[in-house]
Amino acid sequence: MRIGICCYPSHGGSGVVATELGKHLANGGHEVAFISYAAPLRLTELPPRVSFHEVEIEQYPLLKHFPYTLALASKLAEVAEIKELDVLHAHYAIPFGAAALLAKQILRDRDRDLKVVLTLHGTDITLVGNNASFKPVTKMTIENADAVTVVSRFLKEETIRQFDIQRELAIIYNFIDPERHELEPCPCIPQCNANSQKTIMHISNFRPVKRIRDVIAIFAKISEVLDSRLILVGDGPDALVAREMGQEFGIHDRINFIGIVDRVAPLLARADLFLLPSSTESFGLVALEAMASGVPVIASNVGGIPEVIEHERTGFLAPVGDVDAMSAYAIDLLQNEKKHRKFGMEAQEQARLKFDYRLIVPQYEDLYKRALNS
Ligand code: GMT
């Protein structure tokens, strides 16, 4: 098949899933064209059968806000025609789903039937897409795509509830490549200064939804009891909050800011525990990546997270904002070596059993085939 993929190129989960999916599809023999305003973070080189097409953003004084969605739709139609795409897969409803439908319409006027597949990733339903400024467009996009996927059962229910959707929504979970998680640790994180020192890790885009304050507060409680350090990976609006809180708690010398990276597995190889206390999370790809590296996760019992992490088996879940419960779970696990090892092994096994890309990518391929035959 010839597949177009449009996604956010930044370090968010939707862009990561879209890029890894495209690379696996190309590896399996499909032609894949990525279309975005910049090369996706995990597309550092172009493997065979993969191309990248950049949406030009040109400023013009009359246009106070550049109409990116229109430029994107034109580019999608152009690439679909040049590359003779069968399917255009939009990752995230706003603006990609809507732009893909515009491209479909452009090609229809040229007697070509381009199939549009839309994957909803989470915030395009729970935070952004349901905003009054976008809601009618989001609903129209979901209703008119040739196929729609969601990344969890939670997100399916939430989409139906918020947008009164009647059509089929296929649940296709996020995935990992187990081999990636067998890599050597990244030298950018030094080894612990003592055997007993524990490494706590958090990776995100540092947006309010990730509750960075809780990450710092949980770590502060852990470090009262255990020799430990916190590795923060990523960047975003609340990175400064993390720095300030570290100073406030007097633990700043035990917090290491790594910034944005393209591969997280070599960092996770240094972690003993992963924290994800988000206020909502439709799946929690980064928690799955931690599990694949054999790292137990402590997370909020919210959204799609319970579909990924099994409480008291691969990690611990607590109500959103319950810093006391999360830190107590963390301390208990880190103090009990046998239990910690068992959780890590279970986490890795569950990640491989349920979320290996070899199980998940074929589900997308089947969906494309069904869309093409519809
Ligand atoms: O988590 C974010 O803020 C980034 C966001 C995105 O769209 O890039 O992630 C969403 O998509 C991921 C991949 O499907 C999911 O694993 C995340 O749970 C989801 N984030 C939220 O629902 C908050």
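Guide: Helices (H or I, at least four residues) and strands (E, at least two) are DSSP runs, numbered from the N terminus. The model is predicted: local features need pLDDT of at least 70, side-chain atom pairs pLDDT 80 or more, while totals for chains, interfaces and linings use all residues. Residues count from 1 along each chain, and side-chain values use heavy atoms, without hydrogens or water.

Visitor: Which helix gives the largest share of the lining of the largest cavity?

Guide: Helix 1 (13-27), helix 9 (265-268) and helix 10 (285-292) each supply at least two lining residues, meaning residues with an atom within 4 Å of a cavity point. The lining has 17 residues, with Glu20, Arg42, Arg180, His181 and Glu289 nearest the centre. The largest share, four residues, comes from helix 1.

Visitor: How much space lies in the largest cavity?

Guide: A cavity is a set of points on a 1 Å grid where a 1.4 Å probe fits but cannot get out. The structure holds one of 30 Å³ or more. The space in the largest cavity is about 170 Å³.

Visitor: What is the bridge partner of Val233 in strand 10?

Guide: Strand 9 (residues 228-234) and strand 10 (residues 255-259) pair in the parallel sense over four bridges. In strand 10, the partner of Val233 is Gly259.

Key: Pairing = 2+ DSSP bridges. 1 Å grid on protein atoms, 1.4 Å probe; cavity = no way out; pocket = protein on both sides within 12 Å on 5 of 7 lines; lining within 4 Å. Points joined across faces, edges and corners; volume = space filled by probe spheres on them.
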